[in-house]
Amino acid sequence: MKKKLLIPSIIVLLTAFAVAGVFLLMQLYIADKSFDTLDRALKSLIDLQASAAYNGYFAWTKMYDLVMQGNLTEANALADEIPKSFPLVASAEIMQGVPPEENFVVGADGELLRIVYSIRDDDEFRTAPNAVAVTIIQASKLLDIVSPNGFKIDMTGGRKTTYGIHVSANLMHISLWNIIAMVLLTILFASLLIQRYVKKTAFFLDTRGLESIIYLFEQTEKMSASHSRNVAVLALFLGKKLGLRGKKLRNLYVAALLHDIGKIGVPTNVIAKAGRLDSKEYMQIKQHPVISARILKSFKEFERLSPIVLYHHEREDGSGYPEGLTGKDIPLESKIIAVVDVFEALVGERPYRNPIHPFSAFEKLKKMPLDQRIVKVLIDNYSELNSFQPPRWVLSYSPWLLGV
Ligand SMILES: [Fe+2]
């Protein structure tokens with residue numbers, strides 16, 4: 001793993017564990033609350049069922065009489081009626097036993113719930129001394145009613161609820177998968193954020209680096225530097241008019257800003273020469289787009305801009321340099337820069353000649369082997385240039401606009 005990725009990776013993992021921890025705690029808290037609710041619901045349901053059987057069953061006096069007569073067979077036959085009236089009761093039986101002091105007591109008997117009733121006559125004055133009625137309720141049936149899913153009877157690993165029924169929560173199994181999914185999602189999300197941050201930082205650093213180069217360039221060749229800024233703003237204006245948006249527009253702007261940066265590789269006396277260039281000097285000048293492209297290529301974030309700067313001196317008819325490409329092979333962005341580059345050179349201040357009026361410059365552009373569609377867009381929209389407001393992101397590439 002690369003060293004610079006170590007800290008982001010640790011941050012991602014710690015974040016993932018923190019999220020998993022919080023999520024687990026939340027699950028435990030929810031499970032705890034769910035248990036309390038389940039406990040209360042179970043108790044209510046059992047009490048309701050037991051007292052309904054005790055108070056609602058019609059034949060207790062008859063049962064009492066049969067028990068007192070010792071006729072347990074008849075008494076049991078009568079008890080068999082109880083499950084028919086109370087669907088939760090699985091079975092009812094008369095047995096030998098000490099009657100509870102209360103009307104009934106409830107206890108868990110493994111996975112079953114056992115409710116033991118005293119056998120009394122309807123007036124509750126007399127109690128059969130050595131017999132009880134026992135009804136059995138399946139605890140799982142109760143669970144199905146109060147909690148259709150999420151809980152199950154678990155005699156070994158479950159948590160003890162009301163009347164001693166052991167219940168475990170399936171919630172925990174679900175939450176394990178939830179946690180895994182959550183951790184994976186967090187890692188993915190945090191990785192994307194960090195990747196974005198790293199990319200932005202790299203972009204910022206590269207921009208700073210290029211700004212430094214521009215600064216050095218300005219120190220040696222002030223005229224070229226202001227030309228590049230003007231070309232960049234003009235290219236931005238024209239690019240917008242031609243329908244470029246977002247990243248494409250940004251790329252165009254940065255490429256226009258740096259299109260002549262390769263001139264730092266050309267001797268200053270050649271760059272600044274007012275008179276006619278000899279063939280050797282002209283060869284040197286023709287190298288500047290190649291050097292510009294090479295410089296941009298060495299910055300990862302600006303690599304894709306290198307073809308744009310490489311071809312900014314190409315012409316529609318193949319008369320340009322460095323490769324003599326014709327119209328269809330020249331990138332649109334290079335064509336835009338070519339138009340504004342020539343235009344700015346014509347209307348801008350130069351030490352060796354006076355600037356010409358934009359309208360005269362238009363006439364010259366119309367006769368040059370430039371993309372005439374772009375020339376026309378420039379001419380048609382030129383009146384709007386004064387009121388053109390560059391987007392805010394331009395400031396991050398152009399500190400001079402802030403007066404820095
Ligand atoms: Fe150039």
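What follows is a walk through this structure, from the overall picture down to a few individual residues.

Keep in mind as you go that this is a predicted model. The protein has 16 helices and seven strands. Out of its 404 residues, 43% are buried.

Four strands make up an open sheet, in the order β1-β4-β3-β2, and the pairing is antiparallel. At the edges you'll find β1 (89–96) and β2 (104–109); each has a single partner strand, so one side of each is left without a neighbour in the sheet. Ignoring direction, neighbouring strands here are turned by 25 degrees against each other on average.

Strand β3 (residues 112–120) runs antiparallel to strand β4 (residues 127–138), and the two share eight bridges. If you want landmarks along that pairing, Arg114 has Ile136 in β4 as its bridge partner, while Tyr117 stands opposite Ala133 in β4. Strand β4 also pairs with β1, again in the antiparallel sense, over seven bridges. Look there for Ala92, which faces Thr135 in β4.

Which helices go with these strands? Helix α2 (residues 60–68) packs on the sheet and touches β1, β3 and β4. The direction of α2 makes about 80 degrees with that of β3. Then there is helix α5 (residues 139–146), which lies across β3 and β4 and runs at about 55 degrees to β4.

Moving on to helices that pack against each other, have a look at α14 (residues 358–366) and α15 (residues 372–381). Their axes are 10 Å apart, and the packing angle is about 165 degrees. Since angles over 145 degrees count that way, α14 is roughly antiparallel to α15. The crossing of the two helices is left-handed. On the α14 side, the contact is made by Phe362, Leu365 and Lys366; on the α15 side, the residues are Gln372, Val375, Leu378 and Ile379. Sorted by type, the residues of this contact come out as five nonpolar, one polar and one charged.

Next, how enclosed is helix α11 (residues 288–297)? Seven of its ten residues are buried, so α11 is largely enclosed by the rest of the structure. If you'd like to pick them out in your viewer, the buried residues of α11 are His288, Pro289, Ile291, Ser292, Ala293, Ile295 and Leu296.

Last stop: a single residue, Asn251. You'll find Asn251 in helix α8 (residues 246–258). Is Asn251 buried or exposed? Its relative accessibility is 16%, and the cut-off for buried is under 20%, so Asn251 counts as buried.

Definitions and conventions. Residues are numbered from 1 along each chain as its sequence is written. This is a predicted model: local features need pLDDT of at least 70, side-chain atom pairs count only at pLDDT 80 or more; totals for chains, interfaces and linings use all residues. Side-chain values use heavy atoms; hydrogens and water are left out. Axes are lines fitted to C-alpha atoms, for helices over the stretch in contact, and angles run from 0 to 180 degrees between N-to-C directions. Angles under 35 degrees count as roughly parallel, over 145 as roughly antiparallel, 65 to 115 as roughly perpendicular and the rest as oblique. A crossing is left-handed if the near helix is turned anticlockwise from the far one by less than a right angle, and right-handed if clockwise. Contact means heavy atoms within 4.5 Å. Ala, Val, Leu, Ile, Met, Phe, Trp, Tyr, Cys and Pro count as nonpolar, Asp, Glu, Lys and Arg as charged, and the others, Gly among them, as polar. Two strands pair if DSSP finds at least two bridges between them. Buried means under 20% relative accessible area, exposed over 50%, partly exposed in between (1.4 Å probe, protein chains only).
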